[in-house]
Amino acid sequence: MKTQRIFALTKKELKKTVREPAALFMIFLFPVVFVLAFGLSFGGVGGGQTVTYQVGIVDLSNSQWSETFTDSLSNVTMLKVTAYGDNQTVQTDLSQGKIQAAIIVPESFSESITSYYAAPEDSSKWVNATVALYLDKGSMVATQAIPPIIQQVLNGITDQNQPAHQSPIQLQTASLEVKQVSAFDYFAPGMFTFASVFMIMIVAQSFTGDRENGMMKRIRISPTTPTEFMASQVTSYLIIALIQCAIMFGMVYALGFRPNIGLPDYAFAFILVLVFSLSNVGFGLITASIAKTSGAATGLSFLFLLPQMFLGTFVGASLSGAAEVAGKAVPSYYVTNALTSLFLRGAAITSPTVLIDFAVVLGSCIGILAVGIVIYAKYYKV
Amino acid sequence: MSEQAITIKNLTKKYEDKLALDNLTLQVNRGELFGLLGPNGAGKTTAISIMCGLIKPTSGTAQIKGYDTQKDAQKVKELIGVCIQETAIYPYLTGKENLELFGNLYCLNKKTIKERSTMLLSKMGLTEDAKRLTAKYSGGMKRRLSLALALIHDPEIAFLDEPTVAMDPQSRHAVWDFIKEQNTKGKTIILTTHYMEEAEQLCNRVGIIDHGKLIALGTPKELIAKNHVKNLEEVFIQLTGRNMREEV
């Protein structure tokens, strides 16, 4: 394998991306314009929908009153309540997106309610207690919908007829301690995925275009081996993905997305998006193998592009439960989920959910890229 | 080492039920400028594609300087230069960049690439446009650059498939001079053309191919004399029953 050939072809491909307006727009400008428009439009605006939320509860009071509270929560149709034995387990599940909220009922819960009913009119005799509520910061809907529901249930345990809902039980939401999260923050992880899926179309158009104008034939006549050619293509699109990824990180950062994570987390996220981009190169090759012309390649690329976009990026956040299940069949779902876990839920790189997502993305990337290369090489004998 | 530049033995190529080449046997000597003539669909491009290792023959063999085009494809590709029928150049690169790219694909060093590029651009009349994107070149300029790309590595054997098509007379004569010059330097050239005048002026020997078979072989003068006609075009019409340019 001659590096001189790989380097020359890689350089050529990069020049193409910079000099061809359509490729330049789809890979770099479109994501930038999109993020800019989205960020400016939704940077400070929330939105919501009704779904069923998974809520974990740790009952440290273990009393009749805390049972009543748990039962009342279970009766709310929007909530599915699961009991946990300790704080650590419930926090782990929360950080991995298995539940959207964790409630910690304090030991003093029963004593506090009892003190209230002993002197409902005299708050000086109440024993105060705080119910801690931890929310999945990766779910915009959950952070907005769950606290009022829990508060309402708490109010129901004390006297609902209190004019100012005075109660010795306070609900403390952990997410209130961090900065206010905007709609843009929720969607930011999916934006990286969203930008990358367009690589499918660019790769498919590039390969079919070179075939149409006879360039592929010319390359085949030269001593360039199929391995050198494919290595140059993968290298060039990896560089393009790297630049795209850097631009996206820069853009979302500039628009105020500042997750509370360290440099290793950023590096991991960067690698994750790069690996995902390579799987899109594979999808592009598969598309180029099927399509006879670059026009057909553009159309066919949507077969891979749309499911990835609608089921696996931020667009998927507002889809139905069935669509979310279907999303598990596309790599983009796992990328967005892992990025959400890292950026918003505070999960560590080593947490099972992030590692599993990464393994799925890496595995699918290797598989898709290998299939793409084999099919393309077989049908077109690069 | 083989004395023949090209040796084709009993070459047959079938595309489903269509016979593109029918038991073709042919030899081209070193340093020869050989014209491969025939109407459209006669099998010329199929023969060249097999000689370049682009497609596999159904049966028979083709050798370039003794190297089998299938078994020793890599070696063959290093020996040959091919100007394909399509005007295949990268539109988003300049003329100079196209040449540099292909120089690198043949693993030439920087100095050689620069020297060969400068010389070829000059010979093809493209020096002034060397730094322009080829997307802005005229059809004739693209054809000339396409020919230059085929010769960037100074190949011993060059296949030129319709190299002067769509060129103005001035450009065509410049290319003829260049082809002659290459041949004078000892290069073996296999030329396919629809222009009988071109074949008659340039080629030491021509082979006329029709329906995948070699129907005539010899120098232009020999063929003209043998068929008792005035020129190569009449030889062609007499042997194939068709006027070549009508087919274009």
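User: How many cavities of 30 Å³ or more does the count give?
Analyst: Four cavities of 30 Å³ or more, in a predicted model. A cavity here is a set of points on a 1 Å grid over the protein atoms alone where a 1.4 Å probe fits but cannot get out. The model is predicted, with local features needing pLDDT of at least 70, side-chain atom pairs 80 or more, and totals for chains, interfaces and linings using all residues. Residues are numbered from 1 along each chain, chains are lettered from A, and side-chain values use heavy atoms, without hydrogens or water.

User: What is the volume of the largest cavity?
Analyst: About 70 Å³, as the space filled by probe spheres set on the joined points. Its lining (residues with an atom within 4 Å of a point) includes Lys217(A), Ile221(A), Thr45(B) and Asp161(B). Helix 1 of chain B gives the most, three residues; helices are DSSP runs (H or I, at least four residues).

User: Why is the pair of Phe192(A) and Phe249(A) called tilted?
Analyst: Rings pair if their centres lie within 6.5 Å; planes under 30 degrees apart are stacked, over 60 edge-to-face, the rest tilted. Phe192(A) and Phe249(A) have centres 4.3 Å apart and planes at 35°, so this pair is tilted. Phe192(A) lies in helix 7 and Phe249(A) in helix 10 of chain A, so the pair ties together parts 57 residues apart in sequence.

User: What makes Phe194(A) and Phe198(A) edge-to-face?
Analyst: The centres are 5.7 Å apart and the planes stand at 75°, so Phe194(A) and Phe198(A) are edge-to-face.

User: Why does Phe194(A) count as buried?
Analyst: Buried means under 20% relative accessible area (1.4 Å probe, protein chains only). Phe194(A) has 6%, so it is buried.

Conventions. 1 Å grid on protein atoms, 1.4 Å probe; cavity = no way out; pocket = protein on both sides within 12 Å on 5 of 7 lines; lining within 4 Å. Helix = DSSP H or I, 4+ residues; strand = E, 2+ residues; numbered from the N terminus. Phe/Tyr/Trp six-rings, centres within 6.5 Å; stacked < 30°, edge-to-face > 60°. Buried < 20%, exposed > 50% of the residue type's maximum accessible area, 1.4 Å probe, protein only.
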